[in-house]
Amino acid sequence: MSLERLWSAHGEGASPDELRASAGTGHECFYLAVLAYGRGERAVAADLAGRASKDDPDRVVYAETARYLRDGG
């Protein structure tokens, strides 16, 4: 699902956790992680950032964000 469609679904009330199955790339997972963090859903954000890191291990920011969120930084 494109970022635009994720944003639209989020604007219609879908939570990042509800949208996680629609995220097909690391980039989309990381986008949802940022949305989750903005909603105060730190555990969901950490999980989504971790999934983004697994999907795209070359993007260090994904792994570092997941670590930060998990470790309570």
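User: In what kind of crossing does α3 pass α4?
Analyst: α3 passes α4 in a left-handed crossing. One caveat at the start: this is a predicted model.

User: Why is α3 called roughly antiparallel to α4?
Analyst: Look at the angle. Helix α3 (residues 26-38) and helix α4 (residues 42-55) pack at about 165°. Angles over 145 degrees count as roughly antiparallel. So α3 is roughly antiparallel to α4. Their axes lie 8 Å apart.

User: Which residues of α3 and α4 meet?
Analyst: From α3 come Gly26, Cys29, Phe30, Leu32, Ala33, Ala36 and Tyr37. From α4 come Arg42, Val44, Ala45, Leu48, Ala49, Arg51, Ala52 and Asp55. Together they divide into eleven nonpolar, one polar and three charged.

User: What makes α4 roughly antiparallel to α5?
Analyst: The same test applies. α4 and α5 pack at an angle of about 155°, with axes 8 Å apart. The cut-off is over 145 degrees. That makes α4 roughly antiparallel to α5. Their crossing is left-handed.

User: Which residues make the contact of α4 and α5?
Analyst: α4 brings Arg42, Ala45, Ala46, Ala49, Gly50, Ala52 and Ser53. α5 brings Tyr62, Ala63, Thr65, Ala66, Tyr68, Leu69 and Arg70.

User: How many aromatic pairs does a search of the whole structure find?
Analyst: One. The pair is made of phenylalanine 30 and tyrosine 62.

User: Why is the pair of phenylalanine 30 and tyrosine 62 called stacked?
Analyst: A ring pair is described by the distance of the centres and the angle of the planes. Here the centres are 4.6 Å apart. The pairing limit is within 6.5 Å. The planes stand at 25°. Planes under 30 degrees apart count as stacked. So this pair is stacked.

User: What parts does the pair of phenylalanine 30 and tyrosine 62 tie together?
Analyst: Phenylalanine 30 lies in helix α3, and tyrosine 62 lies in helix α5 (residues 60-71). The pair therefore ties together parts that are 32 residues apart in sequence.

User: How do you know whether phenylalanine 30 is buried or exposed?
Analyst: Its relative accessibility is 18%. Buried means under 20%. So phenylalanine 30 counts as buried.

User: And tyrosine 62, buried or exposed?
Analyst: Tyrosine 62 has 3% relative accessibility. The limit is under 20%. Tyrosine 62 therefore counts as buried.

User: Why is tyrosine 31 called partly exposed?
Analyst: Tyrosine 31 has a relative accessible area of 23%. Buried is under 20%, exposed is over 50%, and partly exposed is in between. So tyrosine 31 is partly exposed.

User: Where is tyrosine 31 found, and what does it touch?
Analyst: Tyrosine 31 is found in helix α3. It touches Leu3, Leu6 and Trp7, not counting residues up to four places away in sequence. Tyrosine 31 and alanine 49 are 18 residues apart in sequence. In space they are 8.6 Å apart, C-alpha to C-alpha.

User: What makes α1 and α3 roughly parallel?
Analyst: Helix α1 (residues 3-11) and α3 pack at an angle of about 30°. Angles under 35 degrees count as roughly parallel. α1 and α3 are therefore roughly parallel to each other. Their axes are 10 Å apart, and α1 passes α3 in a right-handed crossing.

User: Which residues of α1 and α3 meet?
Analyst: Leu3, Leu6, Trp7 and His10 in α1 meet His27, Glu28, Tyr31, Leu32 and Leu35 in α3. These residues are six nonpolar, two polar and one charged.

Note on methods. Residues are numbered from 1 along each chain as its sequence is written. This is a predicted model: local features need pLDDT of at least 70, side-chain atom pairs count only at pLDDT 80 or more; totals for chains, interfaces and linings use all residues. Side-chain values use heavy atoms; hydrogens and water are left out. Axes are lines fitted to C-alpha atoms, for helices over the stretch in contact, and angles run from 0 to 180 degrees between N-to-C directions. Helices (H or I, at least four residues) and strands (E, at least two) are DSSP runs, numbered from the N terminus. Angles under 35 degrees count as roughly parallel, over 145 as roughly antiparallel, 65 to 115 as roughly perpendicular and the rest as oblique. A crossing is left-handed if the near helix is turned anticlockwise from the far one by less than a right angle, and right-handed if clockwise. Contact means heavy atoms within 4.5 Å. Ala, Val, Leu, Ile, Met, Phe, Trp, Tyr, Cys and Pro count as nonpolar, Asp, Glu, Lys and Arg as charged, and the others, Gly among them, as polar. Rings of Phe, Tyr and Trp (its six-membered ring) pair if their centres lie within 6.5 Å; planes under 30 degrees apart count as stacked, over 60 as edge-to-face and the rest as tilted. Buried means under 20% relative accessible area, exposed over 50%, partly exposed in between (1.4 Å probe, protein chains only).
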